[in-house]
Amino acid sequence: MQTVYHAADSRGNADHGWLKSRHTFSFADYYNPERMHFGLLRVINDDHVTAGMGFGTHPHRDMEIISLPLSGDLAHRDSMGNGSVIRNGDIQVMSAGTGVTHSEMNANADQDVKFLQIWVFPRDQGLTPRYQQISIAEAARPDDFQQILSPNPDDEGVWIHQDAWFSLARFSDGTSKRYDIKRPGNGVYVFVIKGQAKIGDITLNERDGLGVWDTDGFDVTAVGDAEILLMDVPMGA
């Protein structure tokens, strides 16, 4: 098993006043040649948007873009005609494909919004843009892995154009479960949203990340109550 560890305080930092963002991988003005991506996982941005502010209309193409709200409400509009609000307990995916424009605004004038924005390279370029949003709160399984994203439209969670699976683990103190990697050649990037987790002899604190590959699985143990995101992605095209 090979690993790469990224401490929370080693991430890129952007402070635009209305937006505070930490970048696990190189993004915008943060560039680190050793932190470009993990396999086909390109971006993990930990965004904090002040009340009433947000990202104005801007373009994307040839990328699978996933948003996972952690607190507050995020208002989405796009050139496909979608308009919605996503909240904690929801997941949103936008396949940019041949090109799409969208905006992501804080839906509240009196409350900040925090969310993870995650980008995954698609299997193919030039795909038809698409949008999907679902609630994952009702299907939450305490002390187990909850699949929230896969390559399969008929499977649990949202789906994307890539052989990737995302799972959430909400573990109580001391819970330990083995995670089996879904596909040969995939690796898993583990991101601790809340609390602490242990993988092998490595303890991850809140917002730390750990990439794991060259193995078929590993144990995840909560140190205290923890919320952990596991992103199972191809390590090569």
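Here's a short tour of this predicted model, one selection at a time.

**Stop 1: Tyr-5.** Start by selecting Tyr-5, which sits in strand 1 (residues 2-6). Its relative accessibility is 39%, so Tyr-5 counts as partly exposed. Now show what surrounds Tyr-5: leaving out residues up to four places away in sequence, it touches Ile-202, Leu-204, Asp-208, Gly-209 and Leu-210. Zoom in on Asp-208, whose side chain makes a polar contact with the Tyr-5 side chain at 2.9 Å. For a sense of scale, draw a C-alpha to C-alpha line from Tyr-5 to Gln-117: they're 112 residues apart in sequence and 20 Å apart in space.

**Stop 2: the largest nonpolar core.** Next, select Leu-41, Ile-66, Ile-118, Phe-166, Leu-229 and Met-231, which touch the most other members of this 26-residue core. Among the elements giving two or more residues to the core are strand 4 (41-49), strand 11 (113-120) and strand 20 (217-234). Keep Ile-118 highlighted: beyond four places in sequence, its contacts include Val-43, Ile-44, Glu-64 and Ile-65, as well as Leu-41, Ile-66 and Phe-166. There's also a second, separate core of 19 residues, with Phe-218, Val-220, Ala-222 and Ala-226 among them.

Stop 3: Colour the four strands in the order 5-10-7-8; their pairing is antiparallel. Strand 5 (54-60) and strand 8 (83-87) are at the edges with a single partner strand each, so one side of each has no neighbour in the sheet. On average, neighbouring strands here are turned by 20° against each other, ignoring direction. Finish at the join between strand 5 and strand 10 (residues 100-106), an antiparallel pair linked by five bridges. Pick Phe-55 and you'll find its bridge partner in strand 10, Glu-104.

Methods: Residues numbered from 1 in each chain as written. Predicted model: local features only at pLDDT ≥ 70, side-chain atom pairs only at ≥ 80, totals over all residues. Heavy atoms only, no water. Buried < 20%, exposed > 50% of the residue type's maximum accessible area, 1.4 Å probe, protein only. Contact = heavy atoms within 4.5 Å. Polar contact = N/O pair within 3.5 Å; in protein donor to acceptor, adjacent residues only side chain to side chain. Core = buried A, V, L, I, M, F, W, Y, C linked by side-chain atoms within 4.5 Å. Pairing = 2+ DSSP bridges. Axes fitted to C-alpha atoms, helices over the stretch in contact; angles between N-to-C directions.
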